[in-house]
Amino acid sequence: MGENATTAEHNGPLGSHVQPETEEVLEQRALTSTLNSLLVYGKAAHYNLTKPRLAALSRLSSRHRELLTPFYTDHLAAVDRAIERNAEFLMLVARYGANEFEAPQDLREWEGATSFQIDQARSSVKQIYRDWSAEGAAERDACYGRVIRELNNLYSRERRSEVRVLVPGAGLGRLAYDIACEGYVSQGNEFSFHMLILSNFLLNHTTSENQFTIYPFLHTFSHTSTAANQIRAIQIPDKCPATFHISTASNFSFTAGSFTEIYANIEDEADKWDVITTVFFLDTAHNVLEYIDVISQGLKNSDGTGYWVNFGPLLYHFEEEQNSSGVAVANDADRQDGISIELPLDYLIAVIENCGFVFEKLETGIKTTYAADERAMGTWVFDSVFWVARKRKSGE
């Protein structure tokens with residue numbers, strides 16, 4: 001995509017509580033283990049999906065095996081073939097990612113992938129479907145579209161080239177990219193190496209629409225109406241950044257690393273943001289109050305025109321981790337990663353108002369799905385909240 005789609009900074013998705021030498025080593029391990037999870041996706045998927053089902057089939061009575069033969073074994077063979085197609089795509093992404101992020105060329109120097117990282121690689125396939133396929137358009141419109149329509153209500157087309165919009169938790173980059181396509185100065189920020197590697201590939205190394213085929217629904221056998229639905233193919237990307245025109249007046253960039261570390265304590269008003277938009281992001285915080293502080297610090301407030309546009313549920317990501325971890329160490333007060341602060345929406349709204357925001361729009365109970373299979377017999381539905389909050393100007 002040239003200069004409009006670059007990785008502007010690479011501060012690395014790690015904290016700042018270790019010595020620089022150790023931090024570099026840890027970051028390299030995190031990078032290479034993520035790359036490895038993409039490489040071993042196929043082997044892991046065969047092992048976890050089809051192998052145990054074939055083993056279960058062999059333990060059935062001969063009558064039950066006959067009832068399932070040949071269509072069940074044929075379906076498992078089709079799942080295996082779809083796994084291979086996904087694996088080919090992810091291996092291509094890993095090769096580009098290793099080059100872009102300067103991983104060691106010798107794979108023996110790479111850290112092994114954890115089971116958690118392999119699960120992330122698997123879930124990433126569904127996120128690609130959500131963000132970069134035609135079939136994901138309806139789900140994107142419910143959240144990304146709502147945000148973009150609000151931005152366009154706030155700013156005329158003539159003004160947009162001067163409006164700076166920050167998108168923390170940018171994931172695979174689609175929202176930040178679409179905002180840039182509307183003419184705004186847009187910057188995405190992401191912490192996860194899986195998202196950084198995949199977004200870099202999708203934004204910078206695809207050359208045509210529908211260039212690749214993935215199979216995002218093969219990973220679950222539940223809530224499946226037909227065998228064909230489980231292994232149906234999805235083409236990506238529906239919009240190719242290499243060929244789709246971005247206004248020459250706009251600017252699109254991406255930063256890698258912790259939102260709270262990169263964007264905290266911005267002192268120069270010129271470096272602050274007109275809009276910070278958070279979509280399915282607030283509940284990723286260990287401490288949501290820290291997110292609120294950084295958003296407040298990052299927005300312009302000299303004239304009361306800094307806006308926070310938010311959409312999403314409150315599915316706090318670290319609640320279960322805290323429930324099972326016991327009491328935090330008392331002398332570890334500076335660390336945020338050992339805690340989880342989960343506020344109900346009414347408390348959250350009150351805190352945001354106390355931090356200097358005025359809610360100009362607030363909608364609750366918006367039915368939303370996330371990377372859902374529209375043909376599945378069951379799916380998770382969120383009651384999401386949408387708001388536009390203006391930061392009060394100094395002295396207001």
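A salt bridge is a side-chain nitrogen of Lys or Arg within 4 Å of a carboxyl oxygen of Asp or Glu. The legends below describe close-up views of a predicted model.

**Figure 1. A salt bridge joins K300 and D274.** The closest N and O atoms of K300 and D274 are 3.3 Å apart. K300 sits in the loop between α11 (288–298) and β8 (306–312), and D274 in the loop between α10 (259–262) and β7 (275–279), so this pair ties together parts that are 26 residues apart in sequence. K300 and D274 are both buried. In the whole structure, a search finds 16 salt bridges.

**Figure 2. D106 and R108 meet through their side chains.** The two form a salt bridge with an N to O distance of 3.1 Å. D106 has a relative accessibility of 28% and counts as partly exposed. R108 has a relative accessible area of 75%, and because exposed means over 50%, R108 is exposed.

**Figure 3. Helix α5 packs against helix α6.** Two packed helices are described by the angle between their axes and the distance between the axes. For α5 (residues 115–132) and α6 (residues 137–154), the angle is about 70 degrees and the axes are 8 Å apart. The two helices are therefore roughly perpendicular to each other. On the α5 side the contact is made by Y129, R130, D131 and W132, and on the α6 side by E139, R140, C143 and Y144. This contact has four nonpolar, no polar and four charged residues.

**Figure 4. Helix α4 crosses helix α8.** The axes of α4 (residues 71–100) and α8 (residues 193–204) come within 9 Å and cross at roughly 95 degrees. These helices are therefore roughly perpendicular to each other. From α4, the residues F89, L90, L92, V93, Y96, G97 and E100 meet I197, L198, N200 and F201 from α8. By class, the contact divides into eight nonpolar residues, two polar and one charged.

**Figure 5. Aromatic rings pair in several places.** A search of the whole structure finds 23 aromatic pairs. One of them is the edge-to-face pair of Y96 and F201, at 5.3 Å centre to centre and with 65 degrees between the planes. Y96 belongs to helix α4 and F201 to helix α8, so the pair ties together parts that are 105 residues apart in sequence. Y96 is partly exposed at 34% relative accessibility, whereas F201 is buried, with a relative accessible area of 1%. The rings of Y129 and F217 have centres 4.9 Å apart and planes at 80 degrees, so this pair is also edge-to-face. Y129 lies in helix α5 and F217 in the loop between β4 (212–214) and α9 (227–230), so the pair ties together parts that are 88 residues apart in sequence. Both Y129 and F217 are buried. F280, F311, Y370, W380, F382 and F386 form one aromatic cluster.

**Figure 6. A30 lies in helix α1 (residues 20–39).** A30 is partly exposed, with a relative accessible area of 23%. Leaving aside neighbours within four places in sequence, A30 is in contact with Q117 and F193. A30 and G112 are 82 residues apart in sequence, while their C-alpha atoms are 9.5 Å apart in space.

How values were computed: Residues numbered from 1 in each chain as written. Heavy atoms only, no water. Axes fitted to C-alpha atoms, helices over the stretch in contact; angles between N-to-C directions. Helix = DSSP H or I, 4+ residues; strand = E, 2+ residues; numbered from the N terminus. Parallel < 35°, antiparallel > 145°, perpendicular 65-115°, else oblique. Contact = heavy atoms within 4.5 Å. Nonpolar A, V, L, I, M, F, W, Y, C, P; charged D, E, K, R; others polar. Buried < 20%, exposed > 50% of the residue type's maximum accessible area, 1.4 Å probe, protein only. Phe/Tyr/Trp six-rings, centres within 6.5 Å; stacked < 30°, edge-to-face > 60°.
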